[in-house]
2 protein chains.
Amino acid sequence: MPRKPKERASRAATLHDVAAQVGVSAITVSRALNTPERVSEAVRERILAAVDALGYVPNRSARTLVSSRSQTVVVLIPSLSNTVFIDTLAGINDVLDPHHYQILIGNTGYDDAREERLLRTYLSHAPDGILLTGLRQSDGMRTWLDKLHIPVVHMMGLDPQAQRYCVGFSQQAAGAALTQHLLQRGYRNVAFFGARLDERVMQRAAGYRQALQEAGIYREDLEWLTPEHSGIGLGASMIAKALQQRPEIDAVFCCNDDLALGVLTYCQRNGIAVPQRLAVAGFNDLDGAAWATPTLTTIRTPRYDIGHAAASMLLDLMSGNTPAEPMQDLSFTLQAREST
Amino acid sequence: MPRKPKERASRAATLHDVAAQVGVSAITVSRALNTPERVSEAVRERILAAVDALGYVPNRSARTLVSSRSQTVVVLIPSLSNTVFIDTLAGINDVLDPHHYQILIGNTGYDDAREERLLRTYLSHAPDGILLTGLRQSDGMRTWLDKLHIPVVHMMGLDPQAQRYCVGFSQQAAGAALTQHLLQRGYRNVAFFGARLDERVMQRAAGYRQALQEAGIYREDLEWLTPEHSGIGLGASMIAKALQQRPEIDAVFCCNDDLALGVLTYCQRNGIAVPQRLAVAGFNDLDGAAWATPTLTTIRTPRYDIGHAAASMLLDLMSGNTPAEPMQDLSFTLQAREST
DNA sequence: GATACGGATGTTAACGTTAACAGCCACCCA
DNA sequence: TGGGTGGCTGTTAACGTTAACATCCGTATC
């Protein structure tokens, strides 16, 4: 014998409840809500009234199950406390919300293993599409995703082999451009401060090295890299240590604005003249950069646009189209300010 | 005649696929994954191998549908770009993740109508519990939620009538405490800068008024309130305007740290001595407050703990318990620093 | 050696919705 | 007046999973 009917004190109203109240069949209620033009106006109005009265909310699980379309997109980002990714999310949301896609945000914490675990969990929602940050995902994950035939677009970076859909800009080119700017300004002992050391930071570092090597003045001992989480305090302590170990440095390229603001704070408190004694540059152009004293030279990154374009591309893929351009380079802008 | 079987080129593996490969029934596979101790070791191992080989991912919709438990919690917050709520989310996540609850984040954008719309959408996921920011939700929404019997916990504020589950602190008491601090320091013409004007900002303003009225020196014309979005730039422009209109002000209570940092920046650039000519105080104690020049006096808010405690309370409610204390006041701390 | 017990596995139905097709009926046109 | 047309509504089954029993079989018990 099958299980007993539930004896819940109360349960959420279903299509059948609404249908019973109005005196029609469930499918008619479904149509009244999803394809109103296929239901006569009189019936539709009575249905909508009943829906309101009963507080009916459609059950997404049932719909997903039967229609095999979840209207859901999974977005994995490394951090929620980094404005960069929040801005990206805003771009994504602005594209997907009008199309009634639900966004499931996964926070990987810059941890590859956790990213894989998260993705696996989120796949159980049967998403219609996936947005990933970076291109570092393991081969295992790749073949696994391929098996499921769910469209995937990568954000922030570019695929050197152009084999995956991606929207971003060359972190390395940006790193090189900022370094060249410092060289043009006459600085010769340019340090690099890197924290967290994720994919993007290492690419910026590569750009820094490339620029200095081309100028023939690259020195390995002017790089300070730490896996610690970035922050203003960390920037301050890094510059303190760096100036002690290598007093000859006359410029610092910080892998992000937080570190750079910490460096500026330290300089201000210790009477180090910026940009005369020390030039300081950051990366991302966060809100604080233009308001620091002195104002901070940095790279403006098109993060909102990346989210927007990536979501648009995903939308395209989800409707079965093949985007004309599988790789979109949205570039970056050098914001030269007082600190250099 | 019913619909034709689908002719998908490929589909995600199901329990039946795994079962067929191993030569057992679907329910055994289900048990091997959910209650492994109820399946013999030999069979379990073969099942896990097949799961791996086929890349099987359980279908959450089907599970939710049949078990009427979605293992999902909806969290509505006003903004993703405000560190306060991100910290709260971290606390929530740290509690719910170990219990394998999925978190659905909804961003209301400080908009009550949007909040109601979002909630309705998210209810279609049949969440097991809901976390809301603030207590401002409309009566309509309340009765509606009551009807569904889904546990709800409110965060950040306290319910004066103690009729709802909530975890937070008294924004008004915090506002009063900070204002009293300024009075103790000898300031007499204390201005209030408010932006965005959400529930919490208005409560802080109420605390500010209360403290000044008690001291008998409240002046309505020292309040600058704007619905604009908060930010460093806004703080700078507000202080410029305020000093022009009411040069006698000798202290500013900013409704959040962003505005206060803007005020500090303006003072620094215009040679206004802080705290001699003008005292500046913020609210929240964000990362930047301790690194500003001068360091910023502010209220440290227990936002991580609020998320943590609210999620714990919700967990309790979701397992059918009644929390001993339906209202948790986590209080706040005054961080007196150089700027006052 | 019959009986009870319990661990392992299976069978059936149900969750709430929508796809696919099947009526039904009013209306129009020849 | 008969046949076709089109708008509206209904019937049935299916999506993938789990709850609730049912069954089987080996082992312990007296």
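These notes cover a predicted model of protein chains with DNA, taken point by point.

1. **Surface near DNA strand C.** Around DNA strand C there are 29 residues. Those that come nearest are A:Leu15, A:Ser30, A:Tyr56, B:Thr28 and B:Arg31. By class, the residues of this surface are 14 nonpolar, eight polar and seven charged.

2. **Which elements supply that surface.** From chain A, helix H1 (15–22), helix H2 (26–34) and helix H4 (60–67) each give at least two residues.

3. **Sugar and phosphate against bases.** Take the atoms of DNA strand C within 4 Å of the protein. Of these, 67% belong to sugar or phosphate. The rest belong to bases.

4. **Backbone contacts to DNA strand C.** For B:Ser40, the distance to a phosphate oxygen is 3.0 Å.

5. **Salt bridges, chain A.** The count over all chains is 28 salt bridges. One of them pairs A:Arg219 with A:Glu248, with the closest N and O atoms 2.7 Å apart. A:Arg219 sits in the loop between helix H9 (199–214) and strand E7 (223–226), and A:Glu248 in the loop between helix H10 (232–245) and strand E8 (251–254), so the bridge ties together parts 29 residues apart in sequence. A:Arg219 is partly exposed, at 26% relative accessibility. A:Glu248 is also partly exposed, at 32%.

6. **Salt bridge B:Arg246 to B:Asp221.** The closest N and O atoms of B:Arg246 and B:Asp221 are 3.0 Å apart, and the two form a salt bridge. This pair links distant parts of chain B, 25 residues apart. B:Arg246 is in the loop between helix H10 (232–245) and strand E8 (251–254). B:Asp221 is in the loop between helix H9 (199–214) and strand E7 (223–226). B:Arg246 is partly exposed at 28%, and B:Asp221 is partly exposed at 30%.

7. **Salt bridge B:Arg300 to B:Asp285.** B:Arg300 bridges to B:Asp285, with the closest N and O atoms at 2.7 Å. The two are 15 residues apart, with B:Arg300 in strand E10 (residues 298–300) and B:Asp285 in the loop between strand E9 (279–281) and E10. B:Arg300 is partly exposed, with a relative accessible area of 42%. B:Asp285 is buried, at 7%. In chain A, salt bridges with shared partners join A:Arg196, A:Asp198, A:Glu199 and A:Arg200 into one network.

8. **Nonpolar cores.** The largest core has 148 residues. A:Phe193 and B:Phe193 have the most contacts inside it. Beyond its sequence neighbours within four places, B:Phe193 is in contact with residues including B:Trp224, B:Met238, B:Ile239, B:Val252, B:Phe253 and B:Leu259. A second, separate core has 31 residues, among them A:Leu76, A:Ile130, B:Leu148 and B:Val152.

9. **A buried serine.** A:Ser339 lies in the segment after strand E12 (333–335) of chain A. Is it buried or exposed? At 0% relative accessibility, A:Ser339 is buried. A polar atom of its side chain lies 2.5 Å from the backbone oxygen of A:Val280. The side chain of A:Ser339 also reaches the backbone nitrogen of A:Thr297, at 2.8 Å. Apart from neighbours within four places in sequence, the contacts of A:Ser339 include A:Leu264, A:Val274, A:Leu278, A:Pro294 and A:Leu296.

10. **Cis peptide bonds.** Most peptide bonds are trans. The bond from A:Thr293 to A:Pro294 is cis, with omega near -5°. The bond from B:Thr293 to B:Pro294 is cis, with omega near -10°. A:Pro294 lies in the loop between strand E9 (279–281) and strand E10 (298–300) of chain A. B:Pro294 is in the loop between E9 and E10 of chain B.

11. **Positive phi.** Most residues other than glycine have a negative phi. A:Ala126 has a positive phi, near 50°. B:Ala126 has a phi near 50°, again a positive value. A:Ala126 is in the loop between helix H6 (112–123) and strand E3 (129–133) of chain A. B:Ala126 is in the loop between helix H6 (112–123) and strand E3 (129–133) of chain B. A:Ala126 is partly exposed at 30%, and B:Ala126 is partly exposed at 32%.

Conventions:
Residues are numbered from 1 along each chain as its sequence is written. Chains are lettered from A and ligands numbered from 1 in the order in which they are written. This is a predicted model: local features need pLDDT of at least 70, side-chain atom pairs count only at pLDDT 80 or more; totals for chains, interfaces and linings use all residues. Side-chain values use heavy atoms; hydrogens and water are left out. A residue is near a molecule or strand if one of its heavy atoms lies within 4 Å of it. A polar contact is a pair of N or O atoms within 3.5 Å; within protein, one must be able to donate a hydrogen and the other to accept it, and residues adjacent in sequence count only if both atoms are side-chain atoms. Helices (H or I, at least four residues) and strands (E, at least two) are DSSP runs, numbered from the N terminus. Ala, Val, Leu, Ile, Met, Phe, Trp, Tyr, Cys and Pro count as nonpolar, Asp, Glu, Lys and Arg as charged, and the others, Gly among them, as polar. A salt bridge is a side-chain nitrogen of Lys or Arg within 4 Å of a carboxyl oxygen of Asp or Glu. Buried means under 20% relative accessible area, exposed over 50%, partly exposed in between (1.4 Å probe, protein chains only). A nonpolar core is a set of buried Ala, Val, Leu, Ile, Met, Phe, Trp, Tyr and Cys residues joined through side-chain atoms within 4.5 Å. Contact means heavy atoms within 4.5 Å.
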